[in-house]
Amino acid sequence: MAFLTFFTILFLGAFSMQANGQHQSFDKYYSPLWGSNHLSVNPQRTEVQLKMDQSSGAGFRSKLEYGSGLFHIRMKIPDVKTGGIVTCFYITSAPDNQDPGNHFELDYEFLGTNGTVQTNVYDNDGGHREQSFKLWFDPSKDFHTYEFLWNSRQIVFIVDKIPIRVFKNNLAQGVPYPTKAMHIEGSIWNADWAGAVDWTQAPFIAQYKDFDFYACQAQAGKDVSGCASEQYFWNRQSYWELNAEQKQQMDHYRELYMSYDYCSKPSTRKQECSLNI
C-alpha cells in the first residue's frame with residue numbers, strides 16, 4: 001500500500017477521534033509568537049504570511065503543548081533567490097523567548113531559497129543530527145506539505161506524503177528519545193551560517209496554511225507517556241514502523257535527493273547511526 005493511501009485511509013477512519021482534524025483556522029490552534037508587525041493573516045483566517053526584512057522576521061506557535069501526534073503544515077518559501085534566510089516548521093520542547101539549552105526538537109529548515117531543506121533532531125541536546133535534501137520540486141512556487149509523525153516507537157519526516165527520514169526509539173540502547181511535551185512553531189529569520197542575504201531582494205515572504213493536525217494534548221515540561229495510548233490512531237501497530245513499500249520508497253528518495261547526512265562522517269556520527277534504524 002502506498003504511503004499516500006496508507007495515511008489517507010487512516011485519516012478518514014480517525015476523523016471523529018481528534019478535535020484538531022479538518023479545521024483550517026489559524027486562530028483555533030495558533031497565535032503570533034514574535035515579530036507580530038511582520039505577520040499577517042488573510043480575512044478568512046486560513047493563511048499566514050511571515051515577512052523578513054532588515055528590521056525583523058516573525059514567528060507563530062501553537063497555543064497548546066502535545067505529547068504525540070501527526071503534525072503537518074502546507075508551506076511556501078520566499079520566491080526570490082537568496083542565501084541566509086531560514087524558513088522553518090518545527091516542534092520543540094524549548095520554552096518561549098529563552099535560551100533553549102538541551103531540549104527535544106524536530107525541524108524542517110529551509111536554508112536560503114535554493115530548494116534545500118535541512119531536517120534535524122534535537123535529542124535532549126544541541127541537535128547536530130542534520131540530514132539535508134535538495135527537493136524534487138521548487139518549494140517557492142507552490143504550497144507543499146511537511147509532516148512529522150511522532151509516537152512512542154518512531155518519528156517520521158514526511159514531505160508531500162513521501163517519508164524521507166525515520167528516527168527510531170532506541171531508549172533501550174541508551175539513545176534518548178522525546179519524552180517531554182512539545183509545541184509547534186513556524187518562523188522566518190536570518191542566520192550567517194545559512195549564507196549571505198541579498199537584502200536588495202527584501203522583503204522575503206513565507207506563506208503557511210492548512211493548520212489542522214492530529215495530536216494528544218500534554219502539559220509543558222511533563223512526561224508524555226499518557227499520549228502513547230492506542231486510542232490515538234497514530235500510536236497503533238500499523239504506525240510502529242514503515243512497511244516494506246514505504247521503506248523502499250524512502251530509500252529511493254534518500255538516494256536521489258539527500259545531500260548531507262550526519263551519519264556519513266566519523267566526526268559527526270552519533271550512537272544511533274550504528275543501530276538498525
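**Reading the sheet**

Reply: Let's begin with two neighbours: strand S4 (residues 58-62) and strand S13 (residues 183-190) run antiparallel and are paired over 4 bridges. Strands here are DSSP E runs of at least two residues and helices H or I runs of at least four, numbered from the N terminus; a pair needs at least two DSSP bridges. Across this pairing, Phe60 sits opposite Gly186 in S13. The model is predicted, so local features need pLDDT of at least 70 and side-chain atom pairs pLDDT 80 or more, while totals for chains, interfaces and linings use all residues. Residues are numbered from 1 along each chain as its sequence is written, and side-chain values use heavy atoms, without hydrogens or water.

Me: In what order do the strands of the open sheet lie?

Reply: Going across its 8 strands, you meet S1-S4-S13-S6-S7-S8-S9-S16, with antiparallel pairing. Strand S1 (30-34) and strand S16 (258-261) are the edges; each has a single partner strand, so one side of each has no neighbour in the sheet. Neighbouring strands are turned by 20° against each other on average, direction ignored.

Me: Which helix packs on this sheet?

Reply: That is helix H3 (residues 244-257), which touches strand S9 (131-134) and S16. Contact means heavy atoms within 4.5 Å. The direction of H3 makes about 90° with that of S16; such angles, from 0 to 180 degrees, compare N-to-C axes fitted to C-alpha atoms, for helices over the stretch in contact.

Me: How many disulfides does the structure hold?

Reply: There are 2, each a pair of cysteine sulfur atoms within 2.5 Å. One of them joins Cys216 and Cys227, with the sulfur atoms 2.1 Å apart. Cys216 belongs to strand S15 (residues 214-218) and Cys227 to the loop between S15 and H3, so this pair ties together parts 11 residues apart in sequence. Its S-S torsion is about -70°, so the disulfide of Cys216 and Cys227 is left-handed.

Me: Is the peptide bond from Ala202 to Pro203 cis or trans?

Reply: Cis, with omega near 0°. To locate Pro203, follow the loop between S13 and strand S14 (204-209).
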